[in-house]
Amino acid sequence: MMCAETATGDWWARVIGGQIGGAFSHESEHDLALMVSDFLENGCSSGADSWCSSDSDSGLSDLHHLADKISFYKRTVAQYESDLLLTVHSLVQSIKETDLHCVKSGLCNASCINFSLVKLLRLSGYDAAVCASKWQGSGKVPGGDHEYIDVVNCINAGSSERVIIDVDFRSHFEIARAVDSYDRILKSLPVIYVGSLTRLKQYLQDMAEAARSSLKQNSMPLPPWRSLAYLQAKWYSPYQRQFGPDYQNFSSVDSSDHKQCGGHLRRLQSSLRFETEGERLMKPINSDNNWRAKFERRKHSLFRAL
């Protein structure tokens with residue numbers, strides 16, 4: 001049974017208020033583009049010789065340590081989150097391009113997939129919604145907005161917790177000129193994040209540190225849109241829950257506007273299949289019990305031969 005929708009906004013505003021302002025504002029893509037351009041022109045002054053992708057000894061050690069922590073986070077998942085992850089994978093694979101709703105003109109940014117997935121989750125009995133977060137820029141941290149999914153899980157009477165779902169998780173950590181070990185860490189991240197805000201924060205902290213280490217090896221500073229403060233703003237800022245797209249805010253669009261979201265869906269489904277197959281191959285062929293059973297059979301056969 002679905003529990004009542006949780007209150008939104010105030011608590012998250014207090015969480016990030018001292019860091020990034022905590023107020024609602026519309027992201028200016030133009031301002032962010034200018035910031036990126038300025039960073040590329042003025043933020044990297046070490047010359048072309050530093051633009052390489054090899055690991056230094058000290059940086060390699062740091063990144064290996066962070067890779068171990070990422071692997072630990074993936075293994076230590078609560079049962080509810082693990083079950084929900086399997087459900088999400090199954091539902092995403094069931095989505096067809098014809099199921100997508102074009103809710104935005106221009107760049108879709110996974111909105112169509114998010115709303116399609118929320119619809120399927122709600123039909124499966126989950127209190128799921130698309131969360132649209134916004135935050136105001138402060139200092140070197142640009143303002144912005146982000147869409148993700150949350151599922152409100154009722155623990156007991158009067159108590160609930162939010163489980164976060166982000167269908168494009170890896171893209172938040174892509175950096176320029178990444179060293180090889182950083183690329184391996186990036187590819188080890190879950191394709192779709194499903195988990196608590198607490199575990200998400202651990203991922204964000206370690207990936208921000210890994211990005212800094214990788215960029216440092218190439219004598220490059222950490223760009224503000226990859227800083228920990230900016231990453232946290234995406235999921236810790238004030239947000240509004242939506243159960244379906246608001247068609248009133250968008251004019252009618254033709255089928256060509258589905259090309260981006262359709263391509264995004266195909267890439268997402270392909271990545272999920274690759275991730276599932278990789279995890280299957282990583283599992284031991286025989287469990288410990290099977291190994292013991294074979295050992296006992298061989299031992300009895302040896303005794304009979306004697």
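This report describes a helix, the strands that follow it and several salt bridges.

The model is predicted, so local features need pLDDT of at least 70 and side-chain atom pairs count only at pLDDT 80 or more, while totals for chains, interfaces and linings use all residues. Residues are numbered from 1 along each chain as its sequence is written, and side-chain values use heavy atoms, with hydrogens and water left out.

Helices (H or I, at least four residues) and strands (E, at least two) are DSSP runs, numbered from the N terminus. Helix H5 covers residues 111-123. Just after H5, Gly125 has a positive phi of about 100°.

In strand E1 (residues 128-135), 7 of the 8 residues are buried. Strands pair if DSSP finds at least two bridges between them. E1 runs antiparallel to E2 (residues 144-156), with 8 bridges, and antiparallel to E5 (residues 239-242), with 4 bridges. Ser133 stands opposite His146 in E2 and opposite Tyr239 in E5.

A salt bridge places a side-chain nitrogen of Lys or Arg within 4 Å of a carboxyl oxygen of Asp or Glu. The count is 7 salt bridges, including these:

| Pair | Closest N and O atoms |
|---|---|
| Glu97 and Arg266 | 2.5 Å |
| Arg122 and Asp127 | 3.5 Å |

Asp150 lies in strand E2 and Arg162 in strand E3 (residues 159-166), 12 residues apart. Asp150 is buried at 0% relative accessibility, and Arg162 is buried at 10%. Salt bridges that share partners join Arg122, Asp127, Asp150, Arg162 and Arg241 into one network.

Technical notes. Expected span 1.5 Å × (residues − 1). Buried < 20%, exposed > 50% of the residue type's maximum accessible area, 1.4 Å probe, protein only.
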